[in-house]
Amino acid sequence: CWAEPMRQIRINSTGGPDVLDMVDVAEPTPGPGEIKIRLGACGLNFIDTYQRSGLYPVPLPTGLGLEGAGTVEAVGPGVTRFKAGDRAGFCSGPPGAYAEAHCVPEARAVRLPDAISDEVAAATLLKGLTAEFLVRRLWPMQAGDTVLFHAAAGGVGLLACAWLKARGVRVIGTVGSEAKAELARAHGCDEIILYRSEDVPARVRALTDGHGCKVVYDSVGRTTLTGSIQSAARRGLVVSYGNASGPPEPVQPLLLSRHGSLFLTRPTLFDYVAQTDELDAAAEALFAAIADGTLKPLIGQRFALDQARAAHVALEGRETVGSTILLP
């Protein structure tokens, strides 16, 4: 059965931000194992733009948005982890979170502590859980290691750089402006490279006595991956975890050999929180890091739900800092 209409952002075809339309749809009823969340805030992430553009294919027509937070309004048959009135957040879909309410599997939702607001949860769950696995679980980081972090003033970058700094890691961050440089320094970056005016690999070599970085974190993709490979230390790791500038060109294995027997990985958060206990443990670590001040989430932009097009333009134009949320 279906309840009263609600507002939702949907797409009928892939393309630019103009394919985003606000429509009235029937409110969903949670099915078996699902919870219905009345959303207080919705998260905006690059994966939303990849699905909108067709880079990551999704069945059409569809809603967009994988992340949100709010209050559980109803539960479906068989639900045991949540009850009506609980606060919950999610960041792994299914798509459709750009809406006033959304149904998600209870196994993919996390309970929100009282200290974490809907806005903070929607702004940090996907980005914060991404930072958690990048910093804590992907590679055995040691105090004193040096890393390069592209887009250090972005939503993931600010959280990850602060977390790395707290673990004793030296962080070199790339940003596009002096204003973003100041922000990145305030969130853990020891050194800044202005990628628009500086040769990133050359600056990295200068800052590391020619050695390069133990780990290079690259969410930009097409325009940066070659430079990331050139910035890594011998037997270092290049982590390509996003495509903000488009998908990178294919990498020949011999290139990794020529630059020092490098490792290259293309991880996704969902493989690091595949089980509910992994998701809960990662969220617990994230919320603890926020509570103890290690992480200071920055919501740089707030858009009304009907401004989703403008939000996508700003995100893809690299005009945002920190996290961006939509408010139903």
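Which helix gives the most to the lining of the largest cavity? I would like to start there, and to say at once that what we are looking at is a predicted model. The answer is helix H3, residues 155-166, which contributes 3 residues to that lining.

The cavity itself holds about 50 Å³ of space, and the count of cavities of 30 Å³ or more comes to 1. Its lining is made up of Thr124, Gly155, Leu158, Leu159, His187, Lys296, Pro297, Leu298, Gly322 and Ser323, and by class these residues divide into 4 nonpolar, 5 polar and 1 charged.

The largest pocket has about 730 Å³ of space, and of the 40 residues that line it, Phe46, Tyr50, Val156, Ser219 and Tyr241 are the closest to its centre. Two or more lining residues come from each of helix H1 (46-53), H2, H3, strand E10 (170-175), helix H8 (269-272) and strand E16 (323-327), with the largest share, 4 residues, coming from H2. The division by class for this lining is 20 nonpolar, 15 polar and 5 charged.

The second largest pocket, at about 230 Å³, is lined by 13 residues, of which Gln8, Arg10, Pro28, Pro95 and His102 are the closest to its centre. Here the elements giving two or more residues are E1, E2 and strand E7 (101-105), and E1 provides the largest share, with 3 residues. This lining has 8 nonpolar, 4 polar and 1 charged residues.

Strands E1 and E2 also belong to an open sheet of 3 strands, ordered E2-E1-E4 and paired antiparallel. Its edge strands, each pairing on one side only, are E2 (21-26) and E4 (62-63). Between E1, residues 5-11, and E4 there are 2 bridges, and Ile11 has Thr62 as its bridge partner in E4.

Finally, the packing. In soluble globular proteins, nonpolar side chains tend to be buried together. In this model the largest nonpolar core has 57 residues, and those that touch the most other members are Leu129, Leu134, Phe149, Leu164 and Tyr217. Helix H2, residues 118-137, gives the most to this core, with 10 residues. If we leave aside residues up to four places away in sequence, the contacts of Phe149 include Leu134, Val156, Leu164, Tyr217 and Tyr241; of these, Val156 and Tyr241 are also among the residues closest to the centre of the largest pocket. A second, separate core of 26 residues includes Leu39, Val72, Tyr98 and Ala314.

Notes. Residues numbered from 1 in each chain as written. Predicted model: local features only at pLDDT ≥ 70, side-chain atom pairs only at ≥ 80, totals over all residues. Heavy atoms only, no water. Pairing = 2+ DSSP bridges. Core = buried A, V, L, I, M, F, W, Y, C linked by side-chain atoms within 4.5 Å. Buried < 20%, exposed > 50% of the residue type's maximum accessible area, 1.4 Å probe, protein only. Contact = heavy atoms within 4.5 Å. 1 Å grid on protein atoms, 1.4 Å probe; cavity = no way out; pocket = protein on both sides within 12 Å on 5 of 7 lines; lining within 4 Å. Points joined across faces, edges and corners; volume = space filled by probe spheres on them. Nonpolar A, V, L, I, M, F, W, Y, C, P; charged D, E, K, R; others polar.
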